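Please keep the sequence and the model at hand while reading.

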Amino acid sequence: FVVISYIIIRRILPTVSQCPEKKAKNNLNPPLFIKIITFFIYTCQLAYKINGYPGKILFMAMPCNVLWTMWAALCFCPLKVQTMHILYQLIIPYTSLAVVAVATPDTSDLSMWMEVPFFFFMHYALIAYPIYFLRSGRISVLPINDDGLVSNFLKWWTLASAYFALFYFGVAVPLSLIFGINLNYMLSPPPNPGDMVSGPNFRLQSTLCCAAAFFFVQFAVTAAAVFGRAMGKSSLSVSKKSV
């Protein structure tokens, strides 16, 4: 998985859409209220992990905590426009992980003060952030260059799946085996309805489920964007005719 994912990333990354720098810089830079919320959540999450049981800090490598690291990088690191564009495009499908976390919450090791309410707050924020950026027009999943809609969709979905597999098979699995901590449920399956993910091949099943979740969210967001653009063109056409 690690080698295959690396090859996929090397082949696809140079072909993804290039974000126009002058137009995008202000849109891609998160507004102040997003930065304040991100700072608060990321600081609290680090505090919970550092003050928890031995090794709990390693859970910063869990999917939703990695998502918060991506948001923190967007808020506080001097990133190039294209890097920010790539992070936003990856965050869209990865938001499905926050949805799954809220739908099937695992709060078994959350024993510190207000840790359970914070768990839900930070996951709902992960869902709300992309919705705000998409609805405000700051980011879009539609093609920027001459790429077709389907080609653009498949590139970003494949890239998101490859990065996910590279990190969790290349980083999370070794850390889990070395420290004996169930990072990203790499040592035992996550809680899931009807034990769909189980047995000796649960890691492969989990990976396929994640790829399917990425596909569904990417498809839903793309379909909504296409519908919104069509409605906008229709409204513009009607207003021109009325004039």
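## Helix H4

In this predicted model, the 14 residues of H4 should span 20 Å at 1.5 Å a residue, and the C-alpha atoms at its ends are 20 Å apart, so expectation and model agree.

H4 is mostly covered, with 11 of its 14 residues buried. The buried positions are Pro63, Cys64, Asn65, Leu67, Trp68, Met70, Trp71, Ala72, Ala73, Leu74 and Cys75. They pack against H3, helix H5 (81-103), H6 and H7.

## Fold and confidence

The protein chain holds eight helices and zero strands. Read from the N terminus, its elements run α-α-α-α-α-α-α-α. Of its 243 residues, 41% count as buried. Among contacts with a separation of 6 or more, 72% are between residues 24 or more positions apart.

The average pLDDT of the protein chain is 84, and 86% of the residues score at least 70. Residues 236-240 have a pLDDT below 50, and this stretch has zero contacts in the model beyond near neighbours in sequence. The stretch falls within the range of helix H8 (202-242).

## The salt bridge

How many salt bridges does a search of the whole structure find? The search finds one. It pairs Glu115 with Lys56, and the closest N and O atoms are 2.7 Å apart. The pair links distant parts of the chain, 59 residues apart: Glu115 is in helix H6 (residues 115-135), while Lys56 is in the loop between helix H3 (32-50) and helix H4 (63-76).

Are the two partners buried or exposed? Glu115 has a relative accessible area of 2%, under the 20% cut-off, and is therefore buried. Lys56 also counts as buried, because its relative accessibility is 2%.

## Surface and nonpolar patch

The protein chain has an accessible surface of about 13300 Å², and carbon and sulfur atoms account for 70% of that area.

Which residues form a nonpolar patch on the surface? They are Leu149, Val150, Leu154, Phe215 and Phe219, with about 450 Å² of accessible area together. Helix H7 (149-179) and helix H8 (202-242) each supply at least two residues of the patch. The largest share, three residues, comes from H7.

## Contacts across the chain

Pro20 sits in the loop between helix H1 (2-12) and helix H2 (21-28). Its relative accessible area of 37% makes Pro20 partly exposed. Apart from neighbours within four places in sequence, Pro20 is in contact with Val81 and Ile144. The C-alpha atoms of Pro20 and Asn145 are separated by 9.5 Å, although the two residues are 125 residues apart along the chain.

Gln82 belongs to helix H5. With a relative accessible area of 17%, Gln82 is under the 20% limit and therefore buried. When neighbours within four places in sequence are left aside, Gln82 is in contact with Val16, Ser17, Gln18 and Cys19. Val100 is likewise found in helix H5. Val100 is partly exposed at 45% relative accessible area. From Val100 to Ala213 the C-alpha distance is 8.8 Å, for a sequence separation of 113 residues.

Where does Met114 lie? Met114 is located in the loop between H5 and H6. Its relative accessible area is 43%, and the residue is partly exposed.

The phi of Met114 is near 65°, a positive value in a residue other than glycine. Most residues other than glycine have a negative phi.

Methods:
Residues numbered from 1 in each chain as written. Predicted model: local features only at pLDDT ≥ 70, side-chain atom pairs only at ≥ 80, totals over all residues. Heavy atoms only, no water. pLDDT = per-residue confidence, 0-100. Contact = heavy atoms within 4.5 Å. Helix = DSSP H or I, 4+ residues; strand = E, 2+ residues; numbered from the N terminus. Buried < 20%, exposed > 50% of the residue type's maximum accessible area, 1.4 Å probe, protein only. Areas by Shrake-Rupley, 256 points an atom, 1.4 Å probe, with all protein chains shown as cover. Patch = residues over 30% accessible without salt bridge, like charges linked within 9 Å, V, L, I, M, F, W, Y side chains within 5 Å. Salt bridge = Lys/Arg side-chain N within 4 Å of Asp/Glu carboxyl O. Expected span 1.5 Å × (residues − 1).
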